[in-house]
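Good morning, colleagues. Please take a moment with the sequence and the structure on the screen, and then we shall turn to how the chains meet.

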Amino acid sequence: MTDTEQRTDPPVSLDTAKPGVVSRIWEWLARYRVQVLGIVIGGVLWEIAGRAGISPALPPISAVLAAGGELWSSERFLDAAYTTATSILIALPPSLLVGVALGLLMGLFRPVEWIVRPYVNASLSLPLVAIIPIILLIFGLSQTTIVVVIILYVLPVVMVNTFAGVRSTDHDLVEMATSFNAGRWLTIRRIVIPSARGLTLAGIRIGVGRSISGGIVAEQVVGVLGVGGLVQRLGGAFAVEALYAVILFIGAVGVASLALINRVEQRYQIKEV
Amino acid sequence: MVDVGNVGVDGRGVVEATPRRGLRSLLEPARLVGAASILAGLVVWELYARSLENNIFFPTFLSMIEGLVGLVQDPGFWDAYRQTLIPFFWGWVTSMLAGVLIGLVAGLSKTIWKLVSPYVAFFHALPVSVLVPVVVVAFGIDLLARSSVVFLFGFFEVMLSTVVGVAYISDDIRDMTRSFGMGSLRAFRRVVLPGAMPAIMAGLRIGTGRAVVGMVVMELLLVSVGVGRLVIRYRALFQSPELYAVVFTLAIFGLAALALMRRLEVYVLRWRVES
Amino acid sequence: MIQVTSVSKVFTRSGKSFEALRDVSFDVGTGRFVSLIGPSGCGKTTLLKMMAGLIKPTRGSISIGGEEVTGSGPDRALVFQNFVLLPWADVLTNTAFGLEARGVPKKTREQMARDQLERVGLGGFERNYPHELSGGMQQRVGIARALAVDPDTLLMDEPFGSLDAITRNVMQHDLLRLWQETATKTTVFVTHSMEEAALLSDRVVIMDTRPGRVAQLVDVPFPRPRDEGLSDSRDYLEFTGELSHQLEQMQRIDMARSADEDRDRGDDD
C-alpha cells in the first residue's frame, strides 16, 4: 500500500542520522507549506509596498524589523512591557479563580444563577470599553485603573463559560449516579466538575485573551502607562516603524499565549468514546 | 439532586442568553429574581452613594438619571451622537459586507484560506485597538479614519465566522451536490449559502457588537467632535452624573444594536428547528 | 421477589399527556431471570426505571421483597444500554463507583472492583480508559460495576443494544455463563431480541405498545443449566421463531396505527 501512496513529503536526504528536531521542523514546514508561502508572499508584498512609499503609514518590513531591534531592547519598551505584564499578572489569577468559583456556584444552584445572570449577560452584551472613562475617573491615571478594567473584562467571561460547562453535564451520567445512590457531593466531584472542564478551559482561554486586549485598550485610553500607552505615544510622534514593531510584538505575544492555552485545553479534552 | 439544565454556547464559547418567548415568560422565577436582583443592585448603589461624603467619583443613581434627563434635552448631546453615529454607520456597513464577501471567498477556496490563515490568526489574537494609531497616521482623524476604526473592529469577526460557516459544510454534502450534477453556482446558492447562514448571522451579530466597541474606542482615542468630546469634558470637569449618564447611553446603544441584530438573526433563521 | 401491581404511568409534557403504561402487573420470582420485550414505546425501559426507583408510577406500585420501591437503593443495580461510564476515570475507578457512592474506603473498594473485573474477563485493564476499550469491553465494565455492589436485584436496560451482532453474541453467552455459575440474582432484562430473551431468561414478559401493557407471559421451557449450544437447537429455533413473529406483527400493527393517526391529524409528509 505504501508504494502506491502519493508521497507529498519533500525529498529528504537518505542520511538518516539526522537529528529528530531538524526532520520534525522540516515535516512541519512541509505540512504547512501553503501557509508559510502565504507569510513569505505577504512579507515580500509588504516590503515592496513599503519601499514604493504608498503611504507614510506603511514602512517596509525591513525598516520595521530594524526599528524593532533597537526598540525591543530599549529601556522605555522594557519598562512598558513590564508594566503591562504586571497589570495582567496581578489581575488574572484572582479573576480566574473567582470567575470559576462563581461559575460553579451559578451552575449548581439555580437561585445563584438567577441573581447573577442579568449582570453577567449585560457585561457581555454591552461595549465594556465604555466603562473605562468611569474607572479612570475613580482611580485616576494609575495602574490600578488598568487592573480593575482587566478584572471587569475577564470575570464575566470565565463565569459564564464555567456555568455552561456545569450545565453541559450529561444527564445520563447523573442518572447513573442516582441509581447507585451517590450523594450530592460525590456526584459534583466525580461527574459535574470533570464534565465542566472543557468549557471552563475555553472560558479561561477567552479570559486570557481578553485580559491582554482589555489591559492594552485601557492603557491606550490612559495614555501614559504600559505597552498601550507606548503605542499611543509612538503614533503621536509618527514613529511608524517603531509603532509597527510594537504591534508585531503584541500580536506575537497574543498568538503565543493562545497557542499555549490551546495546548493545555487539548490535553484535558474529554476523550469522547 | 444536582440540577443540570441546558444552556446554549456559540462557537466562540460565549454563552448567549436564551431568546425571549413573549410576555408570559416574564413571570418565570428566573426572570423575576433577575429583575429583582437588578433592582436590588440599583438600591445598593443609591444607598452606598448617599453614604459617601462627596459624590465626585460615584454619583447617586438618581443624580445620574437627572443628568440623563438634562442631556436628552440638550441639543448639543444629540449633535454629538450624530457626529458619532455617522462613522459608526459607514464602518459597520462596510465591515459587514466586506467580512461576508471576503469570508465567502476564503471559505470556499481551501488554497486561499491556507494562504491567508497566518494573517487571520495574527489579527485574531491581536487587540484591534493597537491598530488605531496606525489608522491615525494613515488617515488622520477625519471621517475616513473614524469609519476605518469601526470597520477594523467589525470586519475580522464577521470574516472569521463566515469562513468557518462555509468551510464546515461537510465534504459529504459537497460530493452529494456534485454527484447529482449540480453546478457550482447553484450548489452555492441552494446548499452552501443556506448551510453557512447560521454561522454568518451569528458572525454579523457578534461583529455588530464589535463594531459598537470600535465606535467607543474611536471616540475615546481619537480627538473627536462626537460623544468622546462629551466624555472628555465631563471627566475634566468632574461632572460625574453627566459622565455616568453618557456611558449609560453608550451601553444602551450597544444593547439596542445587539438586540436588533438578534431579532434579525432569529428572523432570517426562522426555518431552523432548535436542536 | 419483585411484584408489579397495576402500574400505570402517564407523562405530561407541555400540556400534552402520554400514557406510557397501563395497568401492568406481573411477578418476578426470587433468583429468576425475567426479560421484558416488546416493540418500541411499550414502556419497558420506563418499567425498569421504576423498579430502580428513578421514576414513580402514576398509579399502582412496585414492591421488592415485600417493601414498596420509593427511590434508589443498595439492593438494586442498573446496567445501561449506553454503558454510561465516566470518560475521565479509568476502568478501576469506574467499576468501584457504586462502592465509592456507598462510602467504602479506597483500598477495599479497589480490591472488590478488581475481583469483579476478573469475573467479567477484564483482569489487567484496570488502568485503561473507556475510550480505549471496545463497546463490548465497556459494557463488561458496566456489568462489573453493577456486580461490585452485590445487589439483590440486577436491572439491565438493553445492555447489548449498542453492540455489533458478533460482540452481542459473545456477550450473551458470557452473561449466560456468568449468571448461571456465579451471579444467580433476581434479574430483570429489557431487550428487543427474542433470541436473547429466550437464551437468557426463565420467563418472558411480552408487552404491547400504545399504551404499554402486558400482552403475554411466557415461560421459557429450556432447562437450566443452559449452554451456548442451545442457540442451535431445533426447539430453541422454533420457540423463538414463533414469538419473534408475534412481536413483528405487533410492531407492524403499531406502525400502521400511528400512520393512520398522523393522517387523521392532518400531517401530510
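How many residues does the contact take from chain A, and how many from chain C? In this predicted model, chain A contributes 18 residues and chain C contributes 22 residues. On the side of chain A that touches chain C, helices H8 and H9 of chain A each supply at least two residues. H8(A) gives the most there, with seven residues. By class, that side of chain A has 10 nonpolar, three polar and five charged residues.

I now move to chain B. Two pairs of chains touch, and the most contacts are between chains A and B. Here, 67 residues of chain A are in contact with 56 residues of chain B. Several helices of chain A give two or more residues to this side, including H2 (33-51), H5 (110-125) and H11 (240-267). The largest share, 14 residues, comes from H9(A). The side of chain A that touches chain B divides into 45 nonpolar, 18 polar and four charged residues. Chain B and chain C, by contrast, are joined by no contact, and their closest C-alpha atoms lie 12 Å apart.

Finally, a word on confidence. The model scores ipTM 0.84 and pTM 0.84. Chain C averages a pLDDT of 89, and 98% of its residues score at least 70. Within chain C, confidence is lowest in helix H8 (residues 234-265), at a mean of 84, and highest in helix H2 (residues 91-95), at 96.

Note on methods
Residues numbered from 1 in each chain as written. Chains lettered and ligands numbered in written order. Predicted model: local features only at pLDDT ≥ 70, side-chain atom pairs only at ≥ 80, totals over all residues. pLDDT = per-residue confidence, 0-100. Helix = DSSP H or I, 4+ residues; strand = E, 2+ residues; numbered from the N terminus. Contact = placed C-beta atoms within 7 Å. Nonpolar A, V, L, I, M, F, W, Y, C, P; charged D, E, K, R; others polar.
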